[in-house]
Amino acid sequence: MTPSKMPAANGKICVAPSILSADLWRLGEEVKAVEQAGADWLHVDVMDGHFVPNLSFGPSVVSSLNGKTDLPLDVHLMVEKPLLFIESFARAGADLLTVHIEAKDDVAETLSQIKRLGVKTGVSIKPDTDPEVLRPLADELDLILVMSVYPGFGGQAFLPESESQIKRVREIIQASGRKIWLEVDGGINAQTAPLAVSAGADALVAGSAIFKAADPVLALKQIRQAAPDI
């Protein structure tokens, strides 16, 4: 495995298009288009049919992207038992693996295993999870992902209560004294991106707003313009 390409949090607003909404028939073409348009990371949503009702990508998709794009591969494991998945995705080329604190496996053990594999660590929380559960984990994290929709389906609307969740997570990050990315995923578009950023986000996942747009390149640029670097 090569070293992770995921940079440390640095005050830049990063945009991570989610390939869950891409046209899989044209995946390579669409990835190259968003890369050339200025995407910072590529977000890969993995669903196991248990933690969430849908199924999505396996390690082979990450492996097919690894080496074909210069974008860091930001892999979000929406799975019930992440310990069963992390090694295969790490070996496939994931630069960051985010697991859910609501998953069944012990989160501290899972993060330890991710680090052992040389991959950056992330933890995600659902909209109804108290952010305080993140505080004891801060020293082990490179990224915290706040879900601004309930996970499992693309194309949902940004939940208004997400702003308070993002603010609370930003407070936890600041209290830790560490550089931890605060990523927001769900309903991000040119209208909601400024809300997430003003609440404290510095990484934005956008799927439908980019890949379902008539002009994905323009849509990505509009999100970027709506959420300039902090």
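## Strand β3

In this predicted model, strand β3 (residues 73-78) is largely enclosed by the rest of the structure, because six of its six residues are buried. Burial here denotes a relative accessible area under 20%.

In a regular strand the side chains alternate between the two faces of the sheet. In β3, Leu73, Val75 and Leu77 point one way, while Asp74, His76 and Met78 point the other way.

Strand β2 (residues 42-47) runs parallel to β3 and is joined to it by six bridges. Within this pairing, Asp74 of β3 is the bridge partner of His43.

A right-handed β-α-β unit is made by β3, helix α3 (residues 86-92) and β4.

## Aromatic and charge-ring geometry

A pair of aromatic rings is described by the distance of the centres and the angle of the planes. The count for this model comes to one aromatic pair. The ring centres of Trp41 and Trp181 are 5.0 Å apart and the planes stand at 90°; planes over 60 degrees apart count as edge-to-face, so the pair falls in that class.

Trp41 belongs to the loop between α1 (27-36) and β2, whereas Trp181 belongs to strand β7 (residues 181-185), so the pair ties together parts that are 140 residues apart in sequence. Both partners are enclosed: Trp41 is buried, with a relative accessible area of 2%, and Trp181 is buried as well, with a value of 1%.

A contact of another kind involves Phe51 and Lys126. The charged end of Lys126 sits over the ring of Phe51, at 4.6 Å from the ring centre.

## The chain as a whole

Eight helices and eight strands are assigned in the chain. The radius of gyration is 16 Å, close to the 17 Å given by the globule rule for 230 residues, so the chain is as compact as a globular protein of that length. The C-alpha trace spans about 40 × 35 × 30 Å along its principal axes.

Of the 230 residues in the chain, 53% are buried. Among contacts with a separation of 6 or more, 66% join residues 24 or more positions apart.

Note on methods:
Residues numbered from 1 in each chain as written. Predicted model: local features only at pLDDT ≥ 70, side-chain atom pairs only at ≥ 80, totals over all residues. Heavy atoms only, no water. Buried < 20%, exposed > 50% of the residue type's maximum accessible area, 1.4 Å probe, protein only. Helix = DSSP H or I, 4+ residues; strand = E, 2+ residues; numbered from the N terminus. Pairing = 2+ DSSP bridges. Right-handed = clockwise from strand over helix to strand, strands pointing away. Phe/Tyr/Trp six-rings, centres within 6.5 Å; stacked < 30°, edge-to-face > 60°. Lys NZ or Arg CZ within 6 Å of the ring centre and 35° of its normal. Rg over C-alpha atoms; globule rule 2.2 N^0.38 Å. Contact = heavy atoms within 4.5 Å.
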